[in-house]
Amino acid sequence: MKALSLPAKSLLKGSILFLSMVGLALLLSWSDMAGFLESDRFSSYVRQHYSAGCLVFIGIAALGSALSVPRQFLGWCAGYLFGAGLGLLWVNLAATLGCALSFIYSRYVGRNTLQKLFGQHLEPVNRFLCASPFGATLTIRFMPFGHNATVNVLAGLSQIQPLPFIFGSFIGYIPQHLIFSLLGSGVQVSTRFSMGAASVLFVLSSLLGYAVYKKHSKRKLLANILDIKDDDAPPSGTSGIN
């Protein structure tokens, strides 16, 4: 059986995750579980101490993102807790902080060990990222599925400058975070509107990622980066989701 191309695998995995989050949102909104979750300690804490709750969420989500917790799941949680708009803002800040943490760790702390672990991937990553740092980072982040924490670590080991990579990640994270924040917010507000808007945005995001991939002059290098096997990912993470 012919193996799926990278765009097809990316779309398939992204669709499975998207449908899983849709199912979770529908389950919560149509059952008594939503009321139970609204009464849990963290939800109550956020309502009573909003600023502190935001900081706690950002800290936990940043660490989780650095350790390979799926950003899409974090976006869903942010939408549930804070609504689509503010949820997008807080999860995007958190994921960018997680990106910076992974980048800094791999460049300045664990470089020697990580170079041995990822040595075979460094040359194509370095060529791809350094050719156009901001644009290359946006291209990777616009793909609907990839290996977020692994890409952060590899970027830290490459020769790319921190600012264009981290800022490019901040911008490139927005589409997926918006989609899943909308899904999470649908548990507590208009489910039909949130699900519909998130579905449309998911299709548009997937088309954008595919168009960027097909037009990129170095898409063979991009495929090499995005198709890193799960057993090459950092030991602390298990998901490999971008």
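A salt bridge is a side-chain nitrogen of Lys or Arg within 4 Å of a carboxyl oxygen of Asp or Glu. By that rule the structure holds one salt bridge. The model is a predicted one, in which local features need pLDDT of at least 70 and side-chain atom pairs count only at pLDDT 80 or more, while totals for chains, interfaces and linings use all residues. Residues are numbered from 1 along each chain as its sequence is written, and side-chain values use heavy atoms, with hydrogens and water left out.

**Salt bridge**

- Side chains of opposite charge can pair when their charged atoms come close.
- Glu123 forms the salt bridge with Arg127, and the closest N and O atoms are 2.5 Å apart.
- Helix 7 (residues 111-131) contains both Glu123 and Arg127, which are four residues apart, about one turn of the helix. Helices (H or I, at least four residues) and strands (E, at least two) are DSSP runs, numbered from the N terminus.
- An α-helix has 3.6 residues a turn, so residues three or four places apart point the same way.
- Relative accessible area sorts residues into buried (under 20%), exposed (over 50%) and partly exposed (in between), using a 1.4 Å probe and protein chains only.
- Glu123 counts as partly exposed because its relative accessibility is 46%. Arg127 is also partly exposed, at 44%.

**Overall make-up**

- The protein chain has 12 helices and zero strands.
- Of its 242 residues, 52% count as buried.
- The protein chain exposes about 11600 Å², and carbon and sulfur atoms supply 68% of that area. Accessible areas come from the Shrake-Rupley method with a 1.4 Å probe; for residues, only the protein chains shown count as cover.
- Contact means heavy atoms within 4.5 Å. Among contacts in the protein chain between residues at least 6 apart in sequence, 81% join residues at least 24 apart.

**Aromatic pairs**

- A pair of aromatic rings is described by the distance of the centres and the angle of the planes.
- Rings of Phe, Tyr and Trp (its six-membered ring) pair if their centres lie within 6.5 Å; planes under 30 degrees apart count as stacked, over 60 as edge-to-face and the rest as tilted.
- By this rule there are five aromatic pairs.
- The rings of Tyr50 and Phe82 are edge-to-face, because their centres are 5.8 Å apart and their planes stand at 90°.
- This pair links distant parts of the chain, with Tyr50 in helix 4 (residues 50-66) and Phe82 in helix 5 (residues 71-82), 32 residues apart.
- Tyr50 is partly exposed at 33% relative accessibility, whereas Phe82 is buried at 9%.
- The rings of Phe134 and Phe167 have centres 5.7 Å apart and planes at 20°, so this pair is stacked.
- The pair also links distant parts of the chain: Phe134 lies in helix 8 (residues 133-142) and Phe167 in helix 10, 33 residues apart.
- Phe134 is partly exposed at 33% relative accessibility, and Phe167 is partly exposed at 44%.
- Ring pairs join Tyr50, Phe57 and Phe82 into a cluster.

**Helix 5**

- The expected span of a helix is 1.5 Å times one less than its number of residues.
- Helix 5 is largely enclosed by the rest of the structure, because 10 of its 12 residues are buried.
- The buried residues of helix 5 include Arg71, Trp76, Cys77, Tyr80 and Phe82.

**Helix 10 and Ile174**

- Helix 10 (residues 162-185) includes Ile174.
- Helix 10 bends by about 40° at Ile174, and a proline, Pro175, follows within four residues. The bend at a residue is the angle between axes fitted to the seven residues ending there and the seven starting there.
- The 24 residues of helix 10 should span 34 Å, and its end C-alpha atoms are 33 Å apart, which agrees.
- Ile174 is partly exposed, with a relative accessible area of 31%.
- Leaving out residues up to four places away in sequence, Ile174 touches Leu88 and Asn92.

**Asn126**

- Asn126 has its place in helix 7 and is buried at 19% relative accessibility.
- Not counting residues up to four places away in sequence, Asn126 touches Ser158 and Gln159.
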